[in-house]
Amino acid sequence: MKDFIQHTLTPILAAMIWGFAFSAQSICGEYVQPFAINAFRGLVAFLVLLAGCLVLKIRPGKTKDLILGGMSSGGALFFAGFVQQIGINMTTAGKSGFITALYIVLVPVAGIFMGKKTSRNVLLAVAAAVVGMYFLCITDSFSLAAGDLYLLACAVGYTAQIIFIDRYTEKVNGIALSASMFLFSGLFSALASVLLEDAHLADYGMCMGGLLYLAVFSSCVAYTLQIIAQKGGNPTKVSLCLSLESVFAVVGGVVVLHESMSGRELLGCLIMACAIVLAQLPEKKKLKNAEE
């Protein structure tokens with residue numbers, strides 16, 4: 001039961017927070033430029049997590065591992081957000097969501113090269129989830145264009161972030177690792193904002209509620225939940241649960257932005273929900289051993 005809560009319910013909660021963050025991000029994007037948003041959410045998340053570490057008197061682990069883990073995962077997070085923004089500007093939102101979420105395919109592929117085994121049930125669940133996301137996100141004919149290559153690079157970036165978290169979460173405290181990740185991601189975004197954007201402090205006041213949601217919940221809470229979920233868990237299973245953010249994004253659009261869901265989108269949600277259930281089913285070999 002403890003493993004189910006940590007490795008299944010925890011990443012699903014993170015996916016729900018991220019899904020509703022799309023609505024907040026849509027509102028904030030009307031007033032604040034992308035790098036400035038990521039800089040704000042990253043640095044605020046770092047300060048909140050740092051305060052939590054000090055209050056709880058957390059022992060972070062070796063400084064070297066904390067810096068390397070934060071720099072690598074934070075750099076991957078920054079890169080993914082950077083190329084995603086370019087891709088979104090060149091293609092449809094639905095296709096952007098679909099291609100970005102292909103990290104659920106890349107994670108097990110990367111795991112194979114790293115010598116990690118994945119069960120047949122999980123691989124079938126990944127395939128089903130891709131089908132579900134297609135129905136959920138793609139509303140017209142699918143073809144690859146120039147902007148889609150940036151989104152594929154984004155999926156690679158999120159895959160790298162998941163792999164780096166998987167590597168360092170066993171070496172350092174999860175909350176401290178999350179704080180380090182957001183410190184570097186925030187600093188990289190702030191530098192990019194200074195060089196490439198013309199941000200004004202007055203713009204932040206126009207959408208402060210949304211910015212705080214992105215910083216505290218979407219960044220601080222959700223990514224920390226991801227790190228907790230990955231500790232001792234199967235990264236492919238965890239990434240599959242995280243991919244439910246596509247479903248919650250659609251639900252958030254209905255609740256917050258008063259959008260409507262089509263029958264095709266409902267079918268996609270149902271298939272993805274079935275994929276999550278399939279990934280949790282025990283293998284026949286394990287069932288046989290349990291019966292014996």
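**View 1. Asp148 sits in helix α7, residues 146–168.** This is a predicted model, where local features need pLDDT of at least 70 and side-chain atom pairs count only at pLDDT 80 or more, while totals for chains, interfaces and linings use all residues. Residues are numbered from 1 along each chain as its sequence is written, and side-chain values use heavy atoms, leaving out hydrogens and water. Helices here are DSSP runs of H or I with at least four residues, strands are E runs of at least two, and both are numbered from the N terminus. Is Asp148 buried or exposed? Asp148 is buried, because its relative accessible area is 0%. (Buried means under 20% relative accessible area, exposed means over 50%, and partly exposed is in between, using a 1.4 Å probe and protein chains only.) Look for Gln84 too: it is 64 residues away from Asp148 along the chain, yet their C-alpha atoms are 9.3 Å apart.

**View 2. Here is the chain as a whole.** You'll count 14 helices and zero strands. Of the 292 residues in the chain, 48% are buried.

**View 3. Helices α2 (residues 34–55) and α8 (residues 174–196) cross at roughly 150°.** Their axes come within 7 Å. An axis is a line fitted to C-alpha atoms, for helices over the stretch in contact, and angles run from 0 to 180 degrees between N-to-C directions. The pair is therefore roughly antiparallel; that label goes to angles over 145 degrees, with under 35 being roughly parallel, 65 to 115 roughly perpendicular and the rest oblique. The crossing of α2 and α8 is left-handed, meaning that the near helix is turned anticlockwise from the far one by less than a right angle (clockwise would be right-handed). Which classes of residue make up this contact? It has 18 nonpolar, six polar and no charged residues. (Nonpolar covers Ala, Val, Leu, Ile, Met, Phe, Trp, Tyr, Cys and Pro; charged covers Asp, Glu, Lys and Arg; the others, Gly among them, are polar.)

**View 4. Helix α1 (residues 2–28) packs with helix α10 (residues 208–230) at about 160°.** The two axes are 9 Å apart, and the angle makes α1 roughly antiparallel to α10. This crossing is left-handed. The contact of α1 with α10 holds 19 nonpolar, seven polar and no charged residues.

View 5. Leu66 counts as buried because its relative accessible area is 16%.

**View 6. Lys57 is in the loop between α2 and α3 (63–88).** Its phi is positive, about 55°, although Lys57 is not a glycine. Most residues other than glycine have a negative phi. Lys57 is exposed, because its relative accessibility is 73%.

**View 7. One cavity of 30 Å³ or more turns up in the structure.** A cavity is a set of points, on a 1 Å grid over the protein atoms alone, where a 1.4 Å probe fits but cannot get out; lining residues have an atom within 4 Å of a point. The largest cavity holds about 50 Å³ of space, where volume is the space filled by probe spheres set on the points, joined across faces, edges and corners. Its lining includes Val107, Met114, Ile163 and Pro235. Which helix gives the most to it? That's α5, with three residues. By class, the lining has five nonpolar, one polar and two charged residues.

Technical notes
On a 1 Å grid over the protein atoms alone, a cavity is a set of points where a 1.4 Å probe fits but cannot get out, and a pocket is an open set with protein on both sides within 12 Å along at least five of seven lines; lining residues have an atom within 4 Å of a point.
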